[in-house]
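Have the sequence and the model side by side for this one.

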Amino acid sequence: MYQKPNDRLKGQTAIVTGANSGIGEAVAMALGKDGANVVVNYVSNPESAEEVAHNICQHELCGTGIAIKADVSKEEAVQAMFRQTIDQFGTVDICVANAGIQRDFALHEMPLQEWQLVLDVNLTGQFLCAREAIREFLRRGLKEDVSCSMGKIIHMSSVHEIIPWAGHANYAASKGAVVMLMQTIAQEYGPQKIRANSIAPGAIQTPINKDAWETPEALEKLHELIPYKRIGVPSDIGAAAAWLASDESDYINGTTIFVDGAMTCYPGFTTNG
Ligand code: NAD
């Protein structure tokens, strides 16, 4: 889906974690097209991060992209990424905590380290990024000529923040916990005009869920779960993130936007249950 460049994020700086692939890449591109300077965070594959950063700067209305390496589950790495961003662009206005992983096991076979790894990246990583973002928002203060909000945090959640998922207890637990993290931030820092929201994608065509869409049979089976009868594309999420980051959504705080083709609308009941 082509998004026309505009300047609703001009003069703002965004960090997007896990932005060298899939949804994070599309979010980075969408924010850049709206004029934001964008940090394309990555943990592996620097070439793809450099490519995304380069692609952001292809239009005169777009912001500048730079790639910064950091493992979001490591406190020092996240702090260093924020320091580098502030050195380069002066501040951070938007933080999209997108990086996430799956490690799938039946619960009775799930090794502790695979449980922990998913929680470390998908939950602790979101906490660490949100915490550094809030520290910077509070340090900088409100600049009403830039945005009517002091800062925006967007958590990448999942429909599995509300849909249980057999064989994926670590992932579902991490996304369920993100709801409370996000809503608590919204409640705690709303008075300072900091907004926190989540995006809950349904099935989006990215490397994380290749098995679900790479053959026509798998795709047909997936469509049974989606009343809108198409798999999502990363730019569906990019468009939602750019709007959520902008002042157009200023009164949206502490909520999850489901971008899922109605996957959460009980598709099993379509034919009378
Ligand atoms: P993806 O695998 O393409 O992207 C995940 C990104 O996170 C990659 O760039 C990866 O390198 C990065 N990452 C992993 N561990 C990291 C770490 N420790 N530090 C920094 N970066 C790290 O998958 P995606 O589908 O684009 O997933 C992005 C987010 O969207 C995830 O949080 C995922 O849970 C969520 N999500 C995806 C779908 C979907 O259908 N694709 C649905 C719901 C939610």
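This is a predicted model: local features need pLDDT of at least 70, side-chain atom pairs count only at pLDDT 80 or more; totals for chains, interfaces and linings use all residues.

Start at strand E5, residues 151-156. How many of its six residues are buried? Six of the six, so the strand is mostly covered, with buried meaning under 20% relative accessible area. In a regular strand, side chains alternate between the two faces of the sheet. Here, both faces of E5 are covered: Gly151, Ile153 and His155 are buried on one side, and Lys152, Ile154 and Met156 are buried on the other.

Strand E4 (residues 94-97) runs parallel to E5, and four bridges join the two. Cys95 has Ile153 as its bridge partner in E5. Strand E6 (residues 194-201) also runs parallel to E5, this time with six bridges, and the partner of Ile154 in E6 is Asn197.

How do you get from strand to strand? E4, helix H4 (residues 112-140) and E5 form a right-handed β-α-β unit. E5, helix H5 (residues 169-189) and E6 make a right-handed unit of that kind as well.

Finally, the packing. The largest nonpolar core counts 31 residues, and Val27, Leu31, Val40 and Ile199 have the most contacts inside it. Among the elements giving two or more residues to this core are E4, E5 and helix H7 (234-245), with H7 giving the most, six residues. Follow Ile199 and you come back to where we began: beyond its close sequence neighbours, Ile199 is in contact with Ile154, His155 and Met156, among others, and also with residues including Ile237, Ala240, Ala241 and Leu244. A second, separate core has 30 residues, including Val121, Cys129, Ala130 and Ala133.

Key:
Residues are numbered from 1 along each chain as its sequence is written. Side-chain values use heavy atoms; hydrogens and water are left out. Buried means under 20% relative accessible area, exposed over 50%, partly exposed in between (1.4 Å probe, protein chains only). Two strands pair if DSSP finds at least two bridges between them. A crossover is right-handed if, with the strands pointing away from the viewer, the path from the first strand over the helix to the second runs clockwise. A nonpolar core is a set of buried Ala, Val, Leu, Ile, Met, Phe, Trp, Tyr and Cys residues joined through side-chain atoms within 4.5 Å. Contact means heavy atoms within 4.5 Å. Lists of a residue's contacts leave out its neighbours within four places in sequence.
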